[in-house]
Amino acid sequence: DIVSTMSAGRRVCSRLSPVRRPLAFSTRSSTRLLNSAPSGSPAPVHPVIDVYYSMRSPYSYIALDRLLGLRAKYEADFRLRIVWPIAIRDPDAFVKMQGQGYRLPYQDIDLFRSAQFHGVPLLYPEPDPVKQETAPDSRYGRILPFEEQVHIQVLTRCAIYAEQRGLGWAYLNEVSRLVWNGQKRPWDADDYRHVKAAIDCIGLSGEDAVAATRADPDTYDKLIQANVELQKTNDAGHTGVPLCIFKNEPFFGQDRLGQLEWRLRQYRVPERAVPL
């Protein structure tokens, strides 16, 4: 079971029930899963899990404690890949969702239920990291142009800044919580004073991080886009977040982390003698 880094020893993921009937997969997916590791397979020499994460994704945030727990527990490289949220990658995505009336009410129910289930404090951010304006013909609103998306630019570029210095996970541990736990509202006050203070907490200068990403935004945007393109073109076949990929097998969503740990155990990925 995955152990939360926020409350050591508390079990947050129950064992999955066995599958009772076969599911329909594409030929490609079926072949990949049929060739997946049986119990007792030898551990990869250098196990790598790519973790795709968006600073605007509430489900990424809900998964954060358990991702940190897995990273601390297993001798594997949990390689953080920060991407733009779907609203930035595809601003028309929400227009395409017209008619899916179940999505918004269900998301509210599932989001806060999932956070409560895992003991994660959650409030919708104030302000929203992605700027929108109301649209009379859409219940989702209209996403403003990228040039006006200063909030998500600061959050995502600074995540890359921290990751380049080996502190990407520490950044998420501080800044994702700041944005999503509702304790600092508005989280962007006074030219991102709270964000800068959170970055200070991980041993970097928040002022320097924000200044560096503002001075050379193209460099950081290229690195973010490289993660976006890698996610689109790899063999896992999924572009959502949070997404973990282990040996080309995708584990999408905060509710698939138990299955990821099960797969790591099948491959005999060892636990660390001393957790991170």
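What percentage of the 276 residues in the protein chain do buried residues make up? Buried residues account for 49% of them. The model behind these views is predicted.

View 1. Among contacts with a separation of 6 or more, 71% join residues 24 or more positions apart.

**View 2. Helix α2 packs against helix α11.** Helix α2 covers residues 58–73, and helix α11 covers residues 257–266. Two packed helices are described by the angle between their axes and the distance between the axes. Here the axes come within 11 Å and cross at roughly 10 degrees. Angles under 35 degrees count as roughly parallel, so α2 and α11 are roughly parallel to each other. From α2, the residues in contact are Ala63, Arg66, Leu67, Leu70 and Lys73. They meet Leu257, Leu260, Glu261 and Arg265 of α11. By class, this contact has five nonpolar, no polar and four charged residues.

**View 3. Gly258 sits in helix α11.** Is Gly258 buried or exposed? Its relative accessible area is 17%. Buried means under 20%, so Gly258 is buried. Now find Leu70. Gly258 and Leu70 are 188 residues apart in sequence. In space, they are 9.8 Å apart, C-alpha to C-alpha.

**View 4. Helix α8 packs against helix α9.** Helix α8 spans residues 189–200, and helix α9 spans residues 206–215. Their axes are 7 Å apart, at an angle of about 115 degrees. On the α8 side, look for Asp191, Tyr192, Lys196, Ile199 and Asp200. These meet Gly206, Glu207, Ala209, Val210 and Arg214 in α9. By class, the contact has four nonpolar, one polar and five charged residues.

**View 5. The largest nonpolar core has 69 residues.** In soluble globular proteins, nonpolar side chains tend to be buried together. Which residues of this core touch the most other members? They are Ile49, Tyr53, Phe78, Trp169, Tyr171, Leu172 and Leu260. Pick out Tyr53. Leaving aside residues up to four places away in sequence, Tyr53 touches several residues, including Ser60, Tyr61, Leu64, Leu67, Leu172 and Val241.

**View 6. Cys158 is buried, whereas Cys201 is exposed.** The relative accessible area of Cys158 is 1%. For Cys201, relative accessibility is 57%. A disulfide is a covalent bond between the sulfur atoms of two cysteines. How many disulfides does a search of the whole structure find? It finds zero.

Notes. Residues are numbered from 1 along each chain as its sequence is written. This is a predicted model: local features need pLDDT of at least 70, side-chain atom pairs count only at pLDDT 80 or more; totals for chains, interfaces and linings use all residues. Side-chain values use heavy atoms; hydrogens and water are left out. Axes are lines fitted to C-alpha atoms, for helices over the stretch in contact, and angles run from 0 to 180 degrees between N-to-C directions. Helices (H or I, at least four residues) and strands (E, at least two) are DSSP runs, numbered from the N terminus. Angles under 35 degrees count as roughly parallel, over 145 as roughly antiparallel, 65 to 115 as roughly perpendicular and the rest as oblique. Contact means heavy atoms within 4.5 Å. Ala, Val, Leu, Ile, Met, Phe, Trp, Tyr, Cys and Pro count as nonpolar, Asp, Glu, Lys and Arg as charged, and the others, Gly among them, as polar. A nonpolar core is a set of buried Ala, Val, Leu, Ile, Met, Phe, Trp, Tyr and Cys residues joined through side-chain atoms within 4.5 Å. Buried means under 20% relative accessible area, exposed over 50%, partly exposed in between (1.4 Å probe, protein chains only). A disulfide is a pair of cysteine sulfur atoms within 2.5 Å.
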